[in-house]
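Hi! Here is the structure I promised to pass on. Have a look, and then read my notes on its charged side chains below.

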Amino acid sequence: MTFKLGFRELLSTVTAIGALGTWGHAVAAEAAWQPQGPVEIVVPTGAGGENDRVARFIQRVFEQKKLVETPVLVVNKSGGGQVLSLVYFSKKSPDPHFLLYATGTVLSNQISGRTELGYHDLTPIAKLRCDNTALTVAPDSDMKNMQDLIGRLKGNIRSVSFGGVSRGGANNLVLAKALRSGGVDPSGLKMIIFKTNAQSMTGVMGKHVDAVASSVSAAFQNFKSGKLRILAVSAPKRLTGILADVPTMAEAGLDVSGVSNCRYIYATKGITAAQRAFWENAMAAVNNDKEWGADIAQRNQMQDFRLGKDLESDLKATYDGTKAAMIDIGLAKAK
């Protein structure tokens, strides 16, 4: 006879095995933690954008697989270049009922001096998926490639307006580093900040901005429908499918190394080991969901799931690489 264990049954079994030692009863009691009230997934950007979409995907998997038996809410806290969400979230410590769906902006905002808060003020739970940056223009734009863009900027740095969702975020950082390596000082760029990538896409389609630096996944559907054109992507090699004809920035001789565009889940600082283990198990179940994997593949993203010490080492390396890149282009806070 074959028995199938659900998430909670599996967790209880592991707990029971771990409880056989001297500290058995104490370990069992702590490891059996589960949310006792509503859970908030905090998103640093507005409703309707790519970050919001993925956070609601996680919410749906939590509910469908009964990973969390209490209500799960997605709460959008946009503003301040994603600083507002971090301030809001940090004040919830050490409540384990709050999760932050975060971008690499948590790293770059601290490096740039926008906030003193950083990933050390949170509890890292999981690294979820990674994206590449796309530089997007309207289909009829007279800028056909990166060389056209750089040529125009060298003539007049303010002649091109760029949309984005944060200054110093991963996509903004890729744009700045690419332009620096092409001989353009990015400090004088004309930047328009939108609350979501969806709004920035509307902005470039409506000619309110000339170009947008966003994740490939945020630009994908409008590119697929012919509403936008991608000048280049930051991937180390060309992507696949309908993006196979889009050149990389490296092909134009531009350097965008050392910049990460990944997504993470954090809990508040100060939660217990059992609470952290619960959320790590929950996120592992999300990562193993077939629809989750298919969504990542469909959007030309990379599935780079990490937990625990592996995640902490990866975050440290990513922070160091981001800091080096920001120092190189003059975006790091002066000491």
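**Salt bridges and charges**

At 13% relative accessibility, Asp 314 counts as buried (under 20% relative accessible area; exposed is over 50%, partly exposed in between, with a 1.4 Å probe and protein chains only). Its side chain meets that of Arg 306 in a salt bridge at 3.6 Å, N to O, the term being used for a side-chain nitrogen of Lys or Arg within 4 Å of a carboxyl oxygen of Asp or Glu. Arg 306 is partly exposed, at 22%.

Before going on, a word on the source: this is a predicted model, where local features need pLDDT of at least 70 and side-chain atom pairs count only at pLDDT 80 or more, while totals for chains, interfaces and linings use all residues. Residues are numbered from 1 along each chain as its sequence is written, and side-chain values use heavy atoms, leaving out hydrogens and water.

How many salt bridges does the structure hold? There are 21. One of them joins Lys 177 and Asp 255 (3.9 Å, N to O). Lys 177 sits in helix H7 and Asp 255 in the loop between strands E9 (229-233) and E10 (262-268), so this pair ties together parts 78 residues apart in sequence. (Helices, H or I with at least four residues, and strands, E with at least two, are DSSP runs numbered from the N terminus.) Lys 177 is buried at 9%, whereas Asp 255 is partly exposed at 35%.

There is also a network of salt bridges, linking Glu 50, Arg 53, Arg 129, Asp 295 and Arg 299.
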